[in-house]
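Dear colleague,

Please find below the structure that I am handing over to you. My notes on it follow directly after.

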Amino acid sequence: MALTGRTVSWWVRLLWPCPVAAPRGPPVWLPTGLEACQRFYSSRDKEKIDMSAYPAESIRNFSIIAHVDHGKSTLADRLLEITGTIAKTDRNKQVLDKLQVERERGITVKAQSASLFYNFKGVNYLLNLIDTPGHVDFSYEVSRSLSACQGVLLVVDANEGIQAQTVANFYLAFEAQLAIIPVVNKIDLKNADPERVEKQIEKLFDIPVNECIRISAKQGTNIEKVLEKVIEKIPPPQFNTTDPLKALVFDSTFDHYRGVIANIAIFGGEIQKGHKIVSAHTNKRYEVNEVGILTPNEQPTHKLERRRGMYPVDQTEYNNLKSALERLTLNDSSVTIHRDSSLALGAGWRLGFLGLLHMEVFNQRLEQEYNTSVILTAPTVPYKAVLSSAKLIKEYGNSEITIINPAQFPDKHSVSEYLEPTVLGTIVTPQEYIRKIIVLCQDRRAVQKEMLYIDEHRVMLKYLFPLNEIVVDFYDALKSLSSGYASFDYEDAGYQPADLIKMDILINGNPIEELATIIHNDKAYATGKFLCERLKDTIPRQLFEIAIQAAIGKKIIARETLKAYRKNVVAKCYGGDITRRMKLLKRQAEGKRLMRKIGNVEVPRDAFIRVLKRQPEK
Amino acid sequence: MAVRGLRAALGAMAVRGLRAALGAVRPRGTGCAAGLRSASKPSEPGPEPAGPVTAALYVHWPYCRKHCSYCSFNKYVVPAVDEAAVRACLVRETQTLLRLGHVQSVTSVFFGGGTPSLAAPHTIAAVLEAAAEVAHLPAGAEVTLEANPSSADPARLAGFRAAGVNRLSLGVQSLDDAELRLLGREHTAAEARAAAEAARKLFPGRVSLDLIFGLPGQSREAWARGLEAALGLCDDHLALYQLTLERGTALEAQVRRGVLPEPPEDLLADLYLSARATLAAAGFHQYEVSNFARKGARSTHNLSYWRAEQYVGVGPGAHGRFVPWGEGGRLREARVQTPHPDTWMREVRSCGHGTRRRAALSPLELLQEVLALGLRTDEGVTQQRWGLFSPRLSLEAAFGASGEARELQERGWLRLNGRALRCTPAGLPLLDSLLPALLCQLRRRWNAVEEEDGGGRGSR
């Protein structure tokens, strides 16, 4: 995501049909002038907007970045109101949060965009705002959005001060060489301490105290000041309409009627309906069917053609889900997909997420936007192995392989070392929780890298974590032991050598392929015990004793025993209740066909699902 | 004789196939006659039963004085029972249904409930007389009445004996006052003893005591004591029921909410197995999962259920299993009478009976019942009985050779020999875990035989 620079970017909406049937040939660029290309409508009065009134020097592209709940979406609402982009009402809450999941959870998941029109000192400006997600899991969206900007508003809560994600976001913007405008929000709160927060900003980010703008987004205090600073401090994009078209697709969605819609930032040239364009990545050709801007909802210039049946909805659930996944990943390119199949769960996909919230949100979007539901298994992380066996290296064509499925875990005799993904985690916490947090981090095999008091009471800790130790419940644990005060963010820190082993789960001595796990040696015992206990609760008692064991190679490290039935017969059976009784027996007989036999043990299909599934929140 | 009747019924099945095997719900109101004919076409007279038709008769008395905390039966606690009206309806329905089944001989009668000992002896007499009017009721036929110790004083019991009752099933349940209170019984242990003694005087050798075990909090010792006390009191028949926590009962709700502890499975097994040993030592023979008898005092009526013989159910909510020859039926039907007494009475008055649901049993369904019920008994499913219901798929063909039954035999839970297929004493307590596998195997083999026949039988 390093393609920022100072470029023009304004928002056009591109209808993206299937590859055009036109004969293939070199792409044709149409270097027409800006004024000739599109007609735009504002959201309020549907008047034509003359884009030629906005030369590059009166355009600003910016983002708002902040820790979760520091008021980013509220500030966006105020900016939209003050520029007349949306009507001012009490109901403007999270206007840019279009997804149902965002409104329900009060978070921003997808970066959304809006174009604002603002007159400052007699000049009309076009201010393009991209709202960004606040949660650590969605920093991918943040960086993708930032690559289309020249500056950011860094919002910090005047009460909570700098949090883990404030730090992470600051560095994202800093490394992208963007202009950074610090904004101290929520100054209306009783416990607000903007001075302390400004000092933190100075200490950590080296931004002079007097550059901070104190606002209350909720009450609308000082919002004009923010707009003025945006115009003054953020440079206009560099842009030449006579260049060939060069654009970045920073977001894309699937519309049931209209097909694929890409949100793009233009770095050079121009685009209009009818243009034939080529994706530099895939080398596929597309025809532009429609162009528009986001204010904040798309404003079409022409009536759209219906594109029903572009993705025919198949009858089987598998295909439904497949198509839902395809559409949703179009809109969330941070999700990686591998087809996979498991004996227990059938055909499915192994999806790569950025974090747990990301996974939950993705699942919720699948349900809400595509009416599909899926089984979520416990998350795993991709491990690597450095091969030492010449034969294997030849077989894989590489000395380093990625292991996604435990079944492919190579034996340690043919491996020089195993590697696990790690992250550099940032924790910001009031000092009274430090001791507990250090214990928690040690328990998660984390190595401390830095500890810094950002003021008299707050500490920033940096730890190198194995990814698999934080992927499930670290965040919840941190929040609960700090009464919610500690914040957490992380960034990729590459792979590190680790003492990894493959743990098998056996039922009466027979290994269950789908429950095999790659795990750190130190955690094997506890995890093995946990899995055995959980299996014991999900397998029904049978006519003989069942041993459920966790094993590393030939060594058994945990065992649970499911005792045999000693009595299972209904007490009263006379003339009266035979029909009901027979129905039950026949259902059980039918159910036997759905059981999976492991050795002579019958295991219900959903036993594995229940074991593999994430634990419900306590 | 029952045997010949069944053979004829099965012969008819072979001709009519599965056409009538679909269940029919009888419309309410006045359409009873039409509804009753819906399962078969009277215009196509089929063969009549080849020999005399026999059936057991079950009569349901739906009223109780009090709800017991564990009971989910079809029973009603009402301020006053219009007994004359109920009696008239029981009499009328008995005659209608016995006629409908072309029943020539009633093999046994059982008055259950509810609390049938609350009925007047002359109500019992009226039903027996009504049965004897339309069918033969042999003098020695077993006539059992379920009695509650709180309505079993000597005078009352004598009245029942005079009415024709010759066997008493006494709902003692426990001989411990605290346990009786937990069960919501309205009698004390002392009253139970008095009732048992009175009953034995009037029905010597023909009294059965019911006991419940596996009560929340019941220890092994408490059950052993209770069983010893019962052995000192009982006659030649005992029924021991593990408490079933039925949904909708007060006891089940208390256990579900954690007010009372749920007895652990291992403890329940211990209680059952130790009771079996105790009773065996006292000379009792276990002839069914929950029934024990000495000196041959088995209940013929209950045995007829487990042997899958015909029975006619009379009274609110009563179940029946018989071929309705009287309206052209050729397949045995599972029949249920209307549960609510007032509605049932209205229906009996207007139609002669209050049958609410009837479903014809397919030959395979009937065979599944034969298997599931028969395996509950010590005699098991005999070759002879199986042959009556399954002339073309023998017991060996269904359960011999390799398969589920063979595996269960090898584990020592099942036995198949020239006489019968039955559970071993070790297998009987596990029957409900054995049956699904056996039913799977039966269905598979049955379908294989059907396919050999070309599958054309049902469409003819």
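A salt bridge, as the term is used here, is a side-chain nitrogen of Lys or Arg within 4 Å of a carboxyl oxygen of Asp or Glu. Please note that this is a predicted model, in which local features need pLDDT of at least 70 and side-chain atom pairs count only at pLDDT 80 or more, while totals for chains, interfaces and linings use all residues. Residues are numbered from 1 along each chain as its sequence is written, chains are lettered from A and ligands numbered from 1 in the order in which they are written, and side-chain values use heavy atoms, with hydrogens and water left out.

Salt bridges within chain A

Over all chains, the structure holds 39 salt bridges. One of them pairs Glu420(A) with Arg445(A), whose closest N and O atoms are 2.9 Å apart. Glu420(A) belongs to strand β20 (residues 415–430), whereas Arg445(A) sits in the loop between α11 (434–443) and β21 (447–453), so that 25 residues separate the two and the pair links distant parts of chain A. (Helices, H or I with at least four residues, and strands, E with at least two, are DSSP runs numbered from the N terminus.) Both Glu420(A) and Arg445(A) are buried; buried means under 20% relative accessible area, exposed over 50%, and partly exposed in between, with a 1.4 Å probe and protein chains only.

A further salt bridge joins the side chains of Glu198(A) and Arg214(A), at 2.6 Å from N to O. This pair also links distant parts of the chain, with Glu198(A) in helix α6 (residues 194–205) and Arg214(A) in strand β9 (residues 213–214), 16 residues apart. Glu198(A) has a relative accessibility of 4% and counts as buried, whereas Arg214(A), at 31%, is partly exposed.

Chain A as a whole

Chain A has 16 helices and 30 strands. Of its 618 residues, 53% are buried. Contact means heavy atoms within 4.5 Å; among the contacts in chain A between residues at least 6 apart in sequence, 68% join residues at least 24 apart. The chain exposes about 28400 Å², of which carbon and sulfur atoms supply 50%. Accessible areas come from the Shrake-Rupley method with a 1.4 Å probe, and for residues only the protein chains shown count as cover.

The interface between chains B and A

Here 45 residues of chain B are in contact with 27 residues of chain A. The two chains bury about 3300 Å² between them, 56% of it on carbon and sulfur atoms; buried area is the accessible area (1.4 Å probe) that two parts lose on being put together, summed over both. There are 8 salt bridges between chain B and chain A. The elements that give two or more residues to the side of chain B that touches chain A are β7 (237–242), α10 (265–281), α11 (300–306), β11 (319–322), α13 (363–374) and α17 (431–452) of chain B. Of these, α17(B) gives the most, with 9 residues. By class, this side of chain B has 26 nonpolar, 8 polar and 11 charged residues, where Ala, Val, Leu, Ile, Met, Phe, Trp, Tyr, Cys and Pro count as nonpolar, Asp, Glu, Lys and Arg as charged, and the others, Gly among them, as polar.

Side chains of opposite charge can pair when their charged atoms come close. Asp266(B) and Lys563(A) meet in a salt bridge of 3.0 Å, N to O. Because Asp266(B) lies in helix α10 of chain B and Lys563(A) in the loop between β28 (555–562) and α15 (578–593) of chain A, the pair joins two chains. Asp266(B) is partly exposed at 24%, and Lys563(A) is partly exposed at 48%. Glu246(B) forms a salt bridge with Arg580(A), with 3.9 Å between the closest N and O atoms.

A residue of chain B that touches chain A

Phe213(B) lies in strand β6 (residues 207–213) of chain B and is buried, with a relative accessible area of 1%. Leaving aside neighbours within four places in sequence, its contacts include Lys567(A), Trp223(B), Leu268(B) and Tyr272(B). Phe213(B) and Ala275(B) are 62 residues apart in sequence and 9.6 Å apart in space, C-alpha to C-alpha.

With kind regards
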